[in-house]
Amino acid sequence: MKKLSSRAIAAVTNGLLVLVLIVVGTVCFFPAAQSVSSVEEKAIHSGNSENGVSLMINVYWGTDEVYGILDVLESHNATATFFIGGSWADDNVAALKAIVEKGHEVGSHGYFHRDHTTLTREQNIDEIRRSVEFISLATGYTVTLFAPPSGAYNDTVTDAAEAMGMKTILWSKDTVDWRDKDESVCFNRATNGVKGGDLILMHPMEHTLAALPKILDYYAEHGLKTVSVSENIS
């Protein structure tokens, strides 16, 4: 039997090495890429509307400001989506009912503002369900959207929401008004580079309420209208 030359052996060895690298790269790289993309795809960060933007108001405090926001929205013929914390709703049923009665969309913001990434799937479902059931009991409203407190989410969180027939909602613009208590900062963050499809996060804060009429005027002047999150992402 003829011996292979050293050059032939080297060629075979190099070919096998390349094949091993391809297999290892496929196994190591692609599952990681799919894992990152799967959790991103399960949470919605922006909408599809050509000229509609959505005000997302997360509520665990600020009852007086909630009423003020409702007045401003009504005076500007604008709409918003309020993501309601169940523990707040439990203490402020009249304000919750006013939000629904004035035609605004309502979503769940959990019940106790917990970090949902630290909860099991069953605990996530329980935390979301408690808020959804209370909102439904108090107003008859059917909740289909969930905004995780602090924007903390992972596959467990989105899977729990999906199991309840709900979509997990994040944002494309954050006013960070809970931290930076400045009317002009809030206005700038809600308007700079704003475009159709944006989901704009804010809270019932005194300076946010003060900035809201100017924010809505800016949208109108630039051909944008406020729409519910559900309409925006449909």
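Which residue forms a salt bridge with Asp 180? The partner is Arg 179, and the closest N and O atoms are 2.9 Å apart. A salt bridge here is a side-chain nitrogen of Lys or Arg within 4 Å of a carboxyl oxygen of Asp or Glu. Arg 179 is partly exposed, at 49% relative accessible area (buried means under 20%, exposed over 50%, partly exposed in between, with a 1.4 Å probe and protein chains only).

The model is predicted: local features need pLDDT of at least 70, side-chain atom pairs count only at pLDDT 80 or more, and totals for chains, interfaces and linings use all residues. Residues are numbered from 1 along each chain as its sequence is written, and side-chain values use heavy atoms, leaving out hydrogens and water.

Next, select Glu 74 and Lys 102, which form a salt bridge with closest N and O atoms 3.2 Å apart. Glu 74 belongs to helix H2 (residues 63–75) and Lys 102 to the loop between helix H4 (93–101) and strand S4 (105–108), so the pair ties together parts 28 residues apart in sequence. Helices (H or I, at least four residues) and strands (E, at least two) are DSSP runs, numbered from the N terminus. Glu 74 is exposed at 52%, whereas Lys 102 is partly exposed at 39%.

Then select Asp 155 and Lys 42, whose side chains meet in a salt bridge (3.6 Å, N to O). Asp 155 lies in helix H6 (residues 155–163) and Lys 42 in helix H1 (residues 6–42), so this pair ties together parts 113 residues apart in sequence.
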